[in-house]
Structure formats: structure tokens, C-alpha cells
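Let's take a friendly walk through a protein chain, looking at a few residues and then at the whole. Keep the picture at hand as you read.

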Amino acid sequence: MKKLKKVFAWLNNFSGSLMFCWMPAWAIQDLLHMDEPDGWDYGIAIFLCLGFIFFLAADIVGYRKKMRKLEK
């Protein structure tokens, strides 16, 4: 039970990217199941993937800053 609490506490540091992680997968899955995707479909898929990367990078930077403060 203690390990499970640690896992959820660690995952709480990445709440922004965890909340957003399903959207790129959904967009790519939708893109691959279309017969003729157009420019909007590609644009939305690229935008959602880049958005996820942005949120993940922001969460990692925030996590590293938090760990530095705890070390001091």
C-alpha cells in the first residue's frame, strides 16, 4: 500500500501531461482510419502531438524544480 501511494504521489507531478495524453493517440487513431484525410486532419494530429510534448516538457521542468527545492 505504501508503494502504491508513492506511485500516485509521483504521478501527481505529471498531472498536466497525464490529462492530455489520450488526445494525440485519439487523433492519430482517427487519422489512420480515414479513407482520405485532408490537411485539417493532419494539422490537428500534429498540433495535438506537439501540445502533448509541450505539456510533458513543462511537467518535467516543474518536477525538476520541485526536486531541487526539496534538496535544499
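Trp10 is part of helix α1, in what is a predicted model. Now look for Tyr63: Trp10 and Tyr63 are 53 residues apart along the chain, yet their C-alpha atoms are separated by 9.3 Å.

Helix α1 covers residues 2-12, and Phe8 lies in this helix too. With a relative accessible area of 54%, Phe8 is exposed, because the cut-off for that class is over 50%.

Next comes Ser17, which sits in helix α2, made of residues 15-20. Is Ser17 buried or exposed? Its relative accessibility is 4%, so Ser17 counts as buried; the cut-off for buried is under 20%. What does Ser17 touch beyond its neighbours within four places in sequence? Its contacts there are Phe52, Phe55, Leu56 and Asp59. There is also a polar atom on the side chain of Ser17 that lies 3.3 Å from the backbone oxygen of Phe14.

| Residue | Relative accessibility | Class |
|---|---|---|
| Phe8 | 54% | exposed |
| Ser17 | 4% | buried |

Time to step back and see the whole chain. How many helices and strands does the chain have? It has four helices and zero strands, and from the N terminus on the elements run α-α-α-α. The radius of gyration is 17 Å, well over the 11 Å that the globule rule gives for 72 residues, so the chain is more spread out than a compact globule. Along the principal axes, the C-alpha atoms fill a box of roughly 55 × 30 × 10 Å.

Of the 72 residues in the chain, 18% are buried. The accessible surface comes to about 6300 Å², and carbon and sulfur atoms account for 69% of that area. Take the contacts between residues at least 6 apart in sequence: 72% of them join residues at least 24 apart.

Definitions and conventions:
Residues numbered from 1 in each chain as written. Predicted model: local features only at pLDDT ≥ 70, side-chain atom pairs only at ≥ 80, totals over all residues. Heavy atoms only, no water. Helix = DSSP H or I, 4+ residues; strand = E, 2+ residues; numbered from the N terminus. Buried < 20%, exposed > 50% of the residue type's maximum accessible area, 1.4 Å probe, protein only. Polar contact = N/O pair within 3.5 Å; in protein donor to acceptor, adjacent residues only side chain to side chain. Contact = heavy atoms within 4.5 Å. Rg over C-alpha atoms; globule rule 2.2 N^0.38 Å. Areas by Shrake-Rupley, 256 points an atom, 1.4 Å probe, with all protein chains shown as cover.
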